[in-house]
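Trainee: I'm new to this one. Could you pick out a single part and take me through it slowly?

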Amino acid sequence: MAAVSGLVRRPLQQMTVRDAINQGMDEELERDEKVFLLGEEVAQYDGAYKVSRGLWKKYGDKRIIDTPISEMGFAGIAVGAAMAGLRPICEFMTFNFSMQAIDQVINSAAKTYYMSGGLQPVPIVFRGPNGASAGVAAQHSQCFAAWYGHCPGLKVVSPWNSEDAKGLIKSAIRDNNPVVVLENELMYGVPFEFPAEAQSKDFLVPIGKAKVERQGTHITVVSHSRPVGHCLEAATVLSKEGIECEVINMRTIRPMDIDTIEASVMKTNHLITVEGGWPQFGVGAEICARIMEGPAFNFLDAPAVRVTGADVPMPYAKILEDNSVPQVKDIIFAIKKTLNI
Amino acid sequence: MRKMLAAVSRVLAGAAQKPASRVLVASRNFANDATFEIKKCDLHRLEEGPPVTTVLTREDGLKYYRMMQTVRRMELKADQLYKQKIIRGFCHLCDGQFLPLIQEACCVGLEAGINPTDHLITAYRAHGFTFTRGLSVREILAELTGRRGGCAKGKGGSMHMYAKNFYGGNGIVGAQVPLGAGIALACKYNGKDEVCLTLYGDGAANQGQIFEAYNMAALWKLPCIFICENNRYGMGTSVERAAASTDYYKRGDFIPGLRVDGMDILCVREATRFAAAYCRSGKGPILMELQTYRYHGHSMSDPGVSYRTREEIQEVRSKSDPIMLLKDRMVNSNLASVEELKEIDVEVRKEIEDAAQFATADPEPPLEELGYHIYSSDPPFEVRGANQWIKFKSVS
């Protein structure tokens, strides 16, 4: 097998997360007339973070719409358009601003299919960068995974790499339910190897399924978004010391794939969770609670441990900010503590 | 014409058992239509407004009468069921408490001015609109009583009823207005000349998101008819205490507006036709203020007299009951007879009684369906109940 693949080997395509999202949206806009994008600066500016670059030029005013700075208003407009049968992608410049519109996301979008007894679906995507960036301080650095993950009726996904980003945005757009896509600004410019199947126009990453990024035997390390990369770095360091970490990329926050996590814990007997958001009532807290309730609890040789953002509003000074988000050293420390090393 | 013949044959069929006056009804010649003067609308940024006269056909008149009576009686019945504790939670009604009256002219008049293919969204005082948009009294009352035969299968209740081209029924004050502008965006996007009626009350009119919606609707020329139902009270707060400007038809600023007599169904109809034509011509949004009055309290838990006097209520009710107004017009113009309208009253009462019977007798939704309808178009999955051992199946 190795010899054959050596003969036909082509360099794998490199794709940044930004370009992956762009490609995903472009393909879905082309595929379905009812899909359109709205948000601040998405059209003529090519996107505040250039994620929608080229789309307005290709699709025009009708399908790529610049909005005024009116989150509550344009989120509501997007939800209304979805109720009337269109398939909007509503961009929040960052999810911090989605708080102004959160009533429309939860009360108008998430709950409607249920309240209507199954009569009124809301096929909408809310997307944008979430969580910490670099030096943008407290009001621009909050992680909303736990907030949106809390609500029945919503689906919430959190891509890490390019493959995740393209596959999840496509699945989100094709989903007939409200889907929150939590991107990460610091990941936009990061290139990843882009496998051949991801280059297909029908490449989808299923919502609700986690991915084991790295197999291991000693400890399960569960994460989502940018911290997945830090976990893999920690795993590489620890591997040299003979500790093999199994790193799981959640990909979806809600509905959470607890089965993959449980199966892993039942193999490794140890668990740590890693997230950028605040500790209280966070994603890790939910994972720990569910592990306790399920079969994996009896396989734990040590309490499950959480690695999270610091329990403070995000400070500005670099040294403070660096220590307010989980670093590789914090993950390594937590792993060794759990393994009692 | 068909309706008149049907009515005639119904009467003739029963002529043997019925008193002589009924037979006379069948043989009397009614006018086919009549012209009425209606109040001129106040205008904002408009050169001309809706016409000041309108033609009402006998057929339409009878239809509107029946619809208004149905809404009224349905709301009165809901009132009764709420007092008997058969309806729980919130119950925001379209009618008057001890006196029948009010917002019936709005829902029937608006519907008369648009097509079934147009769209409508409102806030939580929605039962009347749910009916005029096409659902039956049965499924509305059964939704209020939380039964499986309810239009939302008992999952929504008073504030969350949906029908084709009717988007509820929305519980958060003001949130429905951007939604309505979004539906209008879809209308424009699809290019089928449809419009969206987006209703809100005088209380909601001070919500910031409404001004965001005005701005975007005007900027993008969305075919959205913003409609403020001004019943002069937002819960317990009179408009003078809530709004620096109570000229709600002007609050859209750059959006043209008209102020309409919301107690006169013909005025409402003409204004709606005018507004719909404006939107369909591609000129963008327009705003209508319907002046009406809320006889009832804000909801069933509010007797409605702590913040206004009984004299005030009495005065308004004696001067402008929309149903009486229509009835007088029709009878005085020989479009219908008193007896004929009384017959409609009897039929409506029976329809409501039957519906109430159904709404009281129909069983509650099955507990197994508690988890249903979380997601659309998905395979079944499990939903957690009150503890980890209680699981509900969720089906789309």
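Mentor: Let's look closely at the open sheet of chain B. First, this is a predicted model, where local features need pLDDT of at least 70, side-chain atom pairs count only at pLDDT 80 or more, and totals for chains, interfaces and linings use all residues. Residues are numbered from 1 along each chain as its sequence is written, chains are lettered from A and ligands numbered from 1 in the order in which they are written, and side-chain values use heavy atoms, with hydrogens and water left out.

Okay, the sheet: 6 strands of chain B line up in the order 2-9-10-6-5-4, with mixed pairing. A strand here is a DSSP run of E, at least two residues, and a helix is a run of H or I, at least four, both numbered from the N terminus; two strands pair if DSSP finds at least two bridges between them. Strand 2 (42-44) and strand 4 (119-121) of chain B each have a single partner strand, so one side of each has no neighbour in the sheet. From one strand to the next, the twist averages 20 degrees.

Strand 4 runs parallel to strand 5 (residues 196-201) of chain B, over 3 bridges, and H119(B) sits opposite C196(B) of strand 5. Helix 7 (residues 176-190) of chain B packs on the sheet, touching strand 4, strand 5 and strand 6 (224-230); contact means heavy atoms within 4.5 Å. Its direction makes about 170 degrees with that of strand 5 of chain B, where axes are lines fitted to C-alpha atoms, for helices over the stretch in contact, and angles run from 0 to 180 degrees between N-to-C directions.
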